[in-house]
Amino acid sequence: MIGGHRFLYGGDYNPEQWPEPVWTDDVARMREAGVTTATVGVFSWADLQPRQGAFEFGWLDRVLDLLHAGGIGVDLATATASPPPWAGTGHPDLYAVDERGARYWHGSRQHYAPTSVRYRRLAAELVHAMAERYVDHPAVQMWHVNNEYGCHVALDHSASAERAFREWLQDRYLTIGGLNDAWGTSFWSQRYGTFDEVTTPRHAPYSRNPAQVLDFRRFSSDALLECYLAERDVLRAAGAIQPITTNFIGFNKNVDYRTWAPEIDVVSDDCYPDPAHPDGYRHGAFERDLVRGLSPDRPWLLMEQASSAVNWRPRNAPKSPGQMAAWSMQSIARGADGILFFQWRQSRAGAEKFHSAMLPHAGTGTRTWREVCALGARLRELPALPAAAPAPVALVHEWENWWALEGTDHPADLDHQQVLTAWHLATQDEHLACDVTGAAGPFGDRRVVLAPALYLLRAEAAAALVAFVTAGGTLVLTSFSDVVDECDRLREGGFLTQLRDIAGIEVLEHAGVPDDAARAVGQLDLTLGGIVEDVEAREATVLARFTDGPYAGGPALTRKTHASGGSVVYAAGQLDRASARAVLQLVVPQDARDPDFEGLPEDVEAVRRGGVVFVVNHAAHPVHVRVGGTDLDLESQEVAVLDGTRRV
Ligand code: GAL
């Protein structure tokens, strides 16, 4: 609980974009809307420090005092996501550089090189000055470090990045021989004589060394994490006792949030599903499950969402009536303890003037405003909720697997997000609660673990998966799994070397095919594609065989059942959503399903959090449903919150 509120409600507040008299109106309106929390200062560096060494905190003092007097708590941002023009002028080393050596300049945001000594020093000075001034300010309830690390620029090739990359590699491999071995540099005459010869994977004539690219991804995520930790440590050293967060952006390929989450007091996420996409709310559900899984025992915060349209898609659809509240309640149901927006008042100038806000340009006579006020009131009515209980089904998501899987020169290009989304959507179609976890677990009492396309599989993770099956769990694997080690090298002995025994099969060959290219029939009828495999079923039962494609007649789905009752189901291709659903129907035991959610229509989402059930009608039409003995008539986008049989 932050600031004594069961649920935080509010958004990014950028008062520096407005004349001071507007601020008083802002606070009055925030109170009207039920706002508890304003995130202040995210992009305020230039206003807080117009010149090096010259801080101007007077305006921020007045903003914080005003908010505090109005009973609004502050999530105070450290303002380091967009260094002002003076910081880089005459100091090109502050800017990030792309793979062709072209510099990013100021005039947008996030143009800094994460390893730049100057950037880090200036950021630390600013954060120190802010902390000295505000750690004890009664309005400050949370600190918000930087903003969406790695959202725009994560892969920096500046000179400082190159230096830091070499040091990172030296720490990892100790000797240049160790690096050569890990990167397989005997191939194409890439052998390095010293660490000084190693570069970031710059623009190159043809395919780059995949292990180098993979390490560069790891290094780049770590370099950003160092920026976060440096700011956090400055805040703590100055006496900050409030929780500290930095806002994640769900499926952000650039940052391995699983390594970050333990360093963060409250995980927070910015989530912008497309309201025009028929699966928009399902994409939202997947992201919320991912974020919840990063700190499973603690609630998280939805730090940013849009009240209606964004500005950055080619076509920006507004949210339909009720959709904003429905998607907000989905977040609460899936573990959030706060709903916040980008942003409080719509900007008049700048790149985001057409991005929706809680208080639109057209003012308080708008549907958006009415819905914002109604949601604030609704959140005040909700009972306190515990962190969500572990789900019986888990879906494995690993950043380093994502990086490696999407490397070049594979039998086919697989889109990691697409592969995993098919599975998560299938769990939603089945109304199954699903956690998103790392490959090494812990899997606890889970019944089914879904691990599609787990191409890069570390020995520890393989051992955890084997232990899960040995203890009675069901593991579902799909093609192109357990192929390489953490350096993207094949292990001795071909494919599936670590999971071969528990799967009871041998993978002989891969074939790249179009998505949905191969059909299979048998106990289940399936559509497979992407990478299909020539599989030999040794100790596994063949549940379906390919009817076409390069391996027609061969096993497409196998199952090996173990004495423990555990089993491994292996699909020799990537499955589409309907096929994934068919596999779930086969493997998820009845007692792992929520009996209250049986028979619900597809567009009705039902989620249990503690003793409370959230039922959301995402369909465009009204529905009648029965959940746990309670009859519900729900309009489109209506949300029922059931505490037992009582609707709250
Ligand atoms: C986020 C960012 C906000 C705003 C928003 C627009 O990525 O943190 O500052 O730009 O997107 O949707």
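**Helix crossing and sheet order in a predicted model**

The axes of helix α14 (residues 416-429) and helix α17 (residues 577-587) come within 8 Å of each other, crossing at roughly 55 degrees.

Colleague: What makes α14 oblique to α17?

Modeller: The crossing angle is roughly 55 degrees. Under 35 degrees counts as roughly parallel, over 145 as roughly antiparallel, 65 to 115 as roughly perpendicular, and the rest as oblique. Therefore α14 is oblique to α17. Axes are lines fitted to C-alpha atoms, for helices over the stretch in contact, with angles from 0 to 180 degrees between N-to-C directions.

Colleague: Which residues of α14 and α17 make the contact?

Modeller: Contact means heavy atoms within 4.5 Å. From α14 come Ala422, Trp423, Leu425, Ala426, Thr427 and Asp429; from α17, Arg577, Ala580, Arg581, Val583 and Leu584. By class, that is seven nonpolar, one polar and three charged residues.

Colleague: How do you know what to count?

Modeller: The model is predicted: local features need pLDDT of at least 70, side-chain atom pairs pLDDT 80 or more, while totals for chains, interfaces and linings use all residues. Residues are numbered from 1 along each chain as its sequence is written, and side-chain values use heavy atoms, without hydrogens and water.

Colleague: Why are β5 and β6 called edge strands?

Modeller: Two strands pair if DSSP finds at least two bridges between them. β5 (244-245) and β6 (247-248) each pair on one side only. The open sheet's order is β5-β4-β3-β2-β1-β9-β8-β7-β6, with parallel pairing.

Colleague: What joins β1 to β9?

Modeller: Four bridges join β1 (residues 8-13) to β9 (residues 336-341). At least two are needed, so they count as paired. Tyr9 stands opposite Ile339 in β9.

Definitions and conventions
Helix = DSSP H or I, 4+ residues; strand = E, 2+ residues; numbered from the N terminus. Nonpolar A, V, L, I, M, F, W, Y, C, P; charged D, E, K, R; others polar.
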